[in-house]
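Hello,

Here is the structure I said I would pass on. Please have it open while you read the notes below.

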Amino acid sequence: MKKSWKRLGATALAAALAVFSQPVLPAQAAVDVDALADGTAYLSINNSDWADFDAEYTNAEITGDGQYTVSMFAAEPQNLAQFNALQVKNGESFMGTGSILTVDEIKLNGEAIELQGDSYTCSVDGAGIDTRVNLYNEWNSPVDADGVVAEDVRAAGDPAACTAMLWTADQLTGVSSIEVTFTVSAFGTTKAAGTAPAHELAEDAGRAYLNINNAEWSEFERETVDAYVDGDGPYTVSMTMAEPQDLAQFNALEIVDGEYVLGNGSVVTVDEIKLNGEAIELQGDSYTCSADGAGIITRVNLYNEWNSPVDDAGNVAKDVRALGDPAACTAMLWTAEQLTGVSSIEVTFTVSGFGTFLETEEGAAAPAESVDLNGVYHAYIGLQSPKYTFRNAVDDAAYGAAVEDGKYFNQLTGWDGDLAITVPGTFEDAEIAGNGTYTVAARGIQWPEGEFDDQDHMNLIFISTDIPNSGEIVISDVALKIGGSSVELAPAGAIVSPDSVNYLNMLIQNTWNGDVGTIGFYSVPFEEIEITFTVSGFAYDAAAAPEAPAEPAPEAAPAEPAAEPAPEAAPAEAGSKSVVGPVVGGCVGVAAVAGLAVYFVRKKKG
């Protein structure tokens with residue numbers, strides 16, 4: 001089957017080449033991955049221009065331990081980029097996180113080459129979804145700068161002795177065909193979770209510096225002025241080039257061990273950028289994130305074409321933070337025209353929230369508060385359509401119940417261009433007063449025209465609650481009706497959202513989550529949707545509810561179409577996450593594509 005190379009979305013690129021990342025280039029493939037069955041192995045091959053090229057691919061469906069072969073035959077010889085890989089769709093769940101793919105032989109242009117070392121296996125994006133074996137990846141390694149092996153890395157031998165570059169840089173040119181033979185072992189096994197070693201701070205921990213790359217991704221002579229961050233306040237860093245440079249699509253401000261020194265709740269805000277000595281107009285507000293998805297280096301994207309604070313569904317990554325609305329921020333603070341002829345860069349930024357940690361030092365989210373087992377809580381239906389008409393979770397930072405007096409939460413919100421509008425329909429939420437069976441619903445929905453033209457199912461269907469996610473309360477026996485007809489759930493049933501940190505949320509359908517990505521057939525567009533479920537764990541039953549329960553959530557009230565434009569999202573890159581082009585590691589990454597249960601929605605502009 002002959003296909004043109006397809007540029008991946010922002011989310012997939014954001015986490016592009018992670019285990020421990022330096023700036024990396026986007027993971028792009030000519031294979032139509034969406035059409036592949038889980039467990040299908042394929043080649044992700046990219047040319048040096050990151051441009052379209054025609055090629056014929058042969059994939060392999062993995063069925064267990066054994067040897068397999070995949071290949072790519074290009075219509076014309078290609079000079080390859082710095083990232084190429086063997087990948088398996090949903091391999092981490094299909095094969096198991098303990099499975100190992102070992103490259104036995106690689107043929108370039110029909111000739112077997114000498115491998116430069118042993119291969120290793122890892123998760124593509126750090127989210128435990130797709131499996132990857134790096135064939136040639138200049139920006140990746142099985143270990144970090146301290147020699148620590150990433151949690152998801154495994155190999156037949158010592159992972160630390162393996163390499164991400166199985167061929168040489170000289171062999172990147174004039175490639176007409178690639179054939180990779182590999183062996184799968186330990187199929188169906190799960191890697192035991194180990195205790196991550198304590199992070200040892202680098203000698204220059206807290207050093208802020210500019211990570212600037214020229215268009216050739218090559219070394220160039222420069223002088224730098226760095227700054228050590230030791231508290232809240234303004235700082236300035238700069239770089240002066242010996243000769244003017246045309247810059248690449250990724251440039252950033254970074255802080256060594258910043259997620260530890262500043263805290264992963266701190267915010268770094270860019271106040272001013274001078275290019276060639278002149279202050280420029282910033283194209284939007286900056287946002288702060290973890291550079292590599294591992295919660296080590298702090299990053300602020302200055303110009304990153306392949307990253308965004310949100311994924312294609314508008315979900316904000318867990319490590320992204322800003323002084324204002326993160327979804328309204330941008331990864332491109334200057335314009336593409338300003339990439340050329342750059343002799344100097346000076347960035348002034350302010351640190352706020354120094355020493356604030358959103359997670360424990362072990363990296364686990366702080367536990368939710370305890371449930372009042374004699375208390376009264378609430379449940380709400382959550383939705384998102386293919387065109388991002390939505391109702392987000394009750395605690396959503398941008399569109400939840402506390403935002404603008406519930407303006408968006410109390411309505412089904414759609415889009416008219418960049419304007420947020422009210423979509424006709426009403427919600428039936430539930431007051432959870434003890435153990436029992438409850439129903440939430442949306443009825444009388446009048447979907448905008450064309451809402452399901454490109455997709456015949458919802459992006460998201462979920463239950464949102466204000467019940468603390470402490471594990472004391474269980475939601476079970478979830479049943480879904482759409483248009484009055486029962487719909488079969490995924491084999492996993494309804495699952496607790498992987499991102500349910502503060503409150504208990506249940507995923508029923510989530511296009512980006514393999515466990516609940518596909519459910520039974522239902523007709524679209526539909527006028528009503530209803531979810532019935534059982535709640536247990538309270539100290540009393542619904543029939544014996546207290547006489548004076550807490551006030552129920554305010555009833556939905558029709559809202560006038562929003563007059564103000566919705567905040568603009570960063571353009572879709574080749575997200576989101578993110579998941580992103582020569583770079584990128586994180587920011588949108590990891591969360592983006594895995595659980596995607598931070599139900600923050602916004603319209604992406606193509």
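Predicted model: local features only at pLDDT ≥ 70, side-chain atom pairs only at ≥ 80, totals over all residues.

Aromatic pairs

The count comes to 17 aromatic pairs. Take Tyr 68 and Phe 182. Their ring centres lie 5.8 Å apart, with the planes at 25°. Stacked pairs need planes under 30 degrees apart, so this pair is stacked. The two residues are 114 apart in the chain. Tyr 68 belongs to strand E5 (residues 66–78), and Phe 182 to strand E11 (residues 175–185), so the pair links distant parts of the chain. Both Tyr 68 and Phe 182 are buried.

Trp 447 and Phe 452 pair edge-to-face. Trp 447 is buried, as is Phe 452.

There is also a cluster. Ring pairs connect Phe 390, Tyr 399, Tyr 408 and Trp 415.

Arginine over rings

Look at Arg 391 next. It lies over the face of Phe 409, 4.1 Å from the ring centre. The charged end of Arg 391 also sits over the ring of Phe 427, at 3.9 Å from its centre.

Strand E12

E12 spans residues 207–211. Of its 5 residues, 4 are buried, so the strand is largely enclosed by the rest of the structure. E12 runs antiparallel to strand E14 (residues 227–228), joined by 2 bridges. Ala 208 faces Ala 227 of E14 there. E12 also pairs with strand E16 (residues 250–255), again antiparallel, over 4 bridges. In that pairing, Asn 211 stands opposite Ala 252.

Best wishes

Key
Residues numbered from 1 in each chain as written. Heavy atoms only, no water. Phe/Tyr/Trp six-rings, centres within 6.5 Å; stacked < 30°, edge-to-face > 60°. Buried < 20%, exposed > 50% of the residue type's maximum accessible area, 1.4 Å probe, protein only. Lys NZ or Arg CZ within 6 Å of the ring centre and 35° of its normal. Pairing = 2+ DSSP bridges.
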